[in-house]
Amino acid sequence: MKGYRKIWTNTVPRLNKIMASPPEKPIGSIARAAEIGRILMRHGAKNLAGALGFIPSSNNVIDPREFRPAAVVAFLRDIGPVGIKLGQLLATRSDLFTEHWITAFSTLHDQVSPVRFADIEPVLASSWGEDWRNDFAQFDEKPLASASIAQTYSAELRDGSKVIVKVRRPGTAARMEADVRLLVRLAEIAEARSPDIARYRPVEFLRTFGRNLAWEMDLAAESRACERIGAYLDTIGVRTPAIHWELTGLRVNVQERLYGRPASSLGSPSGDPRVAAFAKSYANAVLRMIILNGEFHGDPHPGNVFLIGEQDVGFIDFGSVGTLTKARRDEIVRLVLAIAGEKTSDVANVLLAWAGEPKVDRDALAVDLDQLIGEFRGTVLSGIEFSQIFSRVFDLLRDYRLVLPPDLAILLRTLLTAEGFVRSLAPDYNIAEETRPIMTELLAERFSLGSARSGLKKLRGQLLGLSASLPDILATANSIAKSGYVPVQLDPLSIEQLAGLRNERQSLKGPLAAALIVASALLVDQSWLLAGGALVIAGVVLIRKS
């Protein structure tokens, strides 16, 4: 598998043809805005349409209480692919919406009628050239699947390789980009006119949604993610498709066809130990991607997972990818340790930092968190479900109007998807219990000798830099001790500028010195040299005569 992947990765892509694919023509916003305004009015949102400026109205106030789940879902469905994908994402945000909203959003499915092959073929020709069929021994023009962004086809290369060809639907990118721009603009208006809506930061949410959508429309980016994550999954025996880079670009990708049973066809628990083993291997792969790798499949639902052979796992479709930086994973570790240690104030600090430090009653939040932790205190780990914990945490987040960052929202969606699927096949499986050894590995990694060496190496670099300057620093300190004066060098231009500003800035001397002293205290853990410099400058500010 590794050798096969390497052969194709090292093949020189046909860049002249792939990169020459013309961009889709942009769509203007005026006509689309008018169409969306009509959709709003059709679903009884006349007041909202007026407040957003679609129709003349004296009402500029947006009242969130006017929103009804059924009407919002109908509105999103009528918008088209962007609305459907947005609704699917909102269905995962239990930190924002109550159960009846989540249920309504969950009715939105990304299933569309396929585009005719006569409309798809020009995309292939512009990507590969008019003679594109020469690369294939067989190409089935009937799509295997059709979604709002792309369609997939079965094919066979000249060398006998069985492949899946994924083609972006023509006109999709321009339409989606226009709709996202318009939705962001509407969110800006809504934030300005409704403090309640602004608290949930819809502009930030929609911009992140737009970036993720742009990623999903870039089929080459999906292929790169498949290879990166696949390289990690290969180390734990999980399969992902090899990419045929000589045929892959922005609008088309070609990947190895994995043969096996789709996990969606496994149905309810059968008592088959092989199915239970497969379910546990799948969950282990998801957890390790998240906790140890930091980049993970963002939508591991059963349609994107295969049972290969007896119990091997295979993942396809890396259009949705989640990423957790090392700093974010460290925060999660701190949160887990704080919960385990029942340090409610530390838990509150992490949650509030994630929410952007909003103004809330911290003491009340700490009390509620203590009560939440108390509900699970003394419970055997195997008796706790992630979904149960998340449900209670989400209730608390909604009560305090705390919004999770988008990367954590994807993380929670992935965990809940994995837990729900695994429990459908192996009801006795407990994802929380299985997480424990993986978290132990992460903690061991964080506190390992290698990690300590890395920290010592950083400290050694700072000490070397300090030692290089140490003779000058000691000489300067000795001079100050003997004379009582601090030597300062300023260029003439700086002196003239300071003299001109002297009168009007006199009142800033005290605060400036205080700020420098605080900066020195903050810098001492990072660089002794910088901290000392800040402290010396603070002394100059205070000693210098008025």
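Predicted model: local features only at pLDDT ≥ 70, side-chain atom pairs only at ≥ 80, totals over all residues.
I picked F117 and W132 to start with. A pair of aromatic rings is described by the distance of the centres and the angle of the planes. For F117 and W132, I noted 6.4 Å centre to centre and 55 degrees between the planes, which makes the pair tilted. F117 sits in helix α8 (residues 117–128), while W132 is in the loop between α8 and β1 (136–139), so the pair ties together parts that are 15 residues apart in sequence.

Next I turned to Y282 and F421, an edge-to-face pair with 4.9 Å between centres and 85 degrees between the planes. This pair links distant parts of the chain: Y282 belongs to helix α13 (residues 273–293) and F421 to helix α18 (residues 406–425), 139 residues apart. Y282 is buried, and F421 is buried too.

**Entry: a cluster of rings**

Which residues do ring pairs link into a cluster? I found F117, W128, W132, F136, F139 and Y153.

**Entry: two helices side by side**

I then looked at helix α9 (residues 172–193) and helix α11 (residues 202–217), whose axes come within 9 Å and cross at roughly 170 degrees. Angles over 145 degrees count as roughly antiparallel, so α9 is roughly antiparallel to α11. On the α9 side, the residues making the contact include M176, V180, L183 and A187. On the α11 side, I listed L206, F209 and L213 among them. Sorted by class, the contact has twelve nonpolar, two polar and four charged residues.

**Entry: helix α15**

Which residues of helix α15 (residues 344–354) are buried? My list reads T344, V347, A348, V350, L351, L352 and W354. An α-helix has 3.6 residues a turn, so residues three or four places apart point the same way. Just after α15, I spotted G356 with a positive phi of about 90 degrees.

**Entry: the whole protein**

Last, I stepped back. I counted 23 helices and ten strands in the protein. Of its 546 residues, 42% are buried. Its accessible surface comes to about 28,700 Å², with 58% of that belonging to carbon and sulfur atoms. Among contacts between residues at least 6 apart in sequence, 68% join residues at least 24 apart.

Conventions:
Residues numbered from 1 in each chain as written. Heavy atoms only, no water. Buried < 20%, exposed > 50% of the residue type's maximum accessible area, 1.4 Å probe, protein only. Helix = DSSP H or I, 4+ residues; strand = E, 2+ residues; numbered from the N terminus. Phe/Tyr/Trp six-rings, centres within 6.5 Å; stacked < 30°, edge-to-face > 60°. Axes fitted to C-alpha atoms, helices over the stretch in contact; angles between N-to-C directions. Parallel < 35°, antiparallel > 145°, perpendicular 65-115°, else oblique. Contact = heavy atoms within 4.5 Å. Nonpolar A, V, L, I, M, F, W, Y, C, P; charged D, E, K, R; others polar. Areas by Shrake-Rupley, 256 points an atom, 1.4 Å probe, with all protein chains shown as cover.
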